[in-house]
Amino acid sequence: MIKVFVGKALEYTPFTIRWQIEELAQQGIEITEASKADLIISGTFKRILPFVLRYGTRKRYLVWTAEPRYDTHFTSKPKYLFLPQIHIMNVYTGTYTNNYIWVPDQPLEPLQEFSGFKNKKIVALMTYKGADRWQFEHQGVNLDLARLRTEIALAGHKRGLVDIYGRNWPQGINISESRDKDWRLSKPAILHQYHFNLAFENTIWPYYCTEKIWDAVQEGCLPIYYGKGSTIYEDFPRDSFLDYCEFQNADALFDYIQRMTPEEYLERMNRCIQAFNQAVEKRQKIRPQHDLIDRTVQKIQSIVFN
């Protein structure tokens, strides 16, 4: 039995969800206190450093996260002078290997008809990200989408075409906060009022695909997504969601939406629904959360036994 200590910044991960903790135990991974652990695990490099300084080479160390901004190492074994090896399992080194972690369980019925638009407003559910610190580059490529989607939302709000829900927006911009304590209930209710959803991820990386695009389709919203650099086209066909990369700027996107016919909207939504349903089937076969647990166990074993 490998004993691990689980530090902070690991909410909603295999180390804190009951059934996944039980699955880890069945595979020989026991969660214990730090002093008794073979391996110290934390969600960020900063949070693991106090344990490294306390225990030195007496313990092994792993930063594990599925959040792209919690850790931005692009190697699984970074080298630091005067520190024992700290291993990395993050978005860039193998947390995600498919698009299906956040795919819902139930398929959707295709739309048989679409009578027309109540309006062509776009809904944006996001926290305000206006600071320079959200810019994030790797090998000369900007991986950040948080600031871009903020700029798009503000441009659309100025034109009266985007309704914004979320935290920390300048006064008078957002309708309300979207991430309240009942967020998984309030988000569908908000989405259901609209035909379009600005559903960018906050970071571009292959297989970093969260609930955003799936939630939009599930609630009858045509997603506006950022496809370049992602792997989303492994599951969605062209001319399904609106890919911002195909537009010169936000105004070009908004103008296109204003010209969209009900017939095009119906076709695009049904392509999205078909992709959604195929992803539900793939998720049931691949069982991505179980796959993630298996790969995490393999990572832990490789650290402790090698």
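**Close-up views of a predicted model**

**View 1. Lining of the second largest pocket.** Helix α7 gives the largest share of the lining of the second largest pocket, 3 residues. This is a predicted model, in which local features need pLDDT of at least 70 and side-chain atom pairs count only at pLDDT 80 or more, while totals for chains, interfaces and linings use all residues. Residues are numbered from 1 along each chain as its sequence is written, and side-chain values use heavy atoms, with hydrogens and water left out. The pocket has a volume of about 250 Å³. Of its 15 lining residues, Leu-111, His-192, Glu-219, Gly-220 and Tyr-265 are the closest to its centre. Two or more lining residues come from each of α5 (211-218) and α7 (262-286). By class, the lining has 8 nonpolar, 4 polar and 3 charged residues. Nonpolar covers Ala, Val, Leu, Ile, Met, Phe, Trp, Tyr, Cys and Pro; charged covers Asp, Glu, Lys and Arg; the others, Gly among them, are polar. A pocket is an open set of points on a 1 Å grid over the protein atoms alone where a 1.4 Å probe fits, with protein on both sides within 12 Å along at least five of seven lines; lining residues have an atom within 4 Å of a point. Points are joined across faces, edges and corners, and the volume is the space filled by probe spheres set on them.

**View 2. Lys-212 in helix α5.** Lys-212 is found in helix α5 (helices are DSSP runs of H or I, at least four residues; strands are runs of E, at least two; both are numbered from the N terminus). Lys-212 counts as buried because its relative accessibility is 15%, the limit being under 20% relative accessible area with a 1.4 Å probe and protein chains only. Beyond neighbours within four places in sequence, Lys-212 is in contact (heavy atoms within 4.5 Å) with Arg-149, Lys-187, Asn-197, Ala-199, Phe-200 and Glu-201.

**View 3. Strands β11 and β12.** Strand β11 (residues 196-198) runs parallel to β12 and is joined to it by 3 bridges; pairing requires at least two DSSP bridges between two strands. Phe-196 has Leu-222 as its bridge partner in β12. From β12 (residues 222-225), Leu-222 and Ile-224 point one way, Pro-223 and Tyr-225 point the other way, and all are buried.

**View 4. Surroundings of Ala-66.** Ala-66 lies in the loop between β4 (60-64) and β5 (86-89). Leaving aside neighbours within four places in sequence, the contacts of Ala-66 are Val-91, Thr-95, Tyr-96 and Tyr-208.

Technical notes. Buried means under 20% relative accessible area, exposed over 50%, partly exposed in between (1.4 Å probe, protein chains only).
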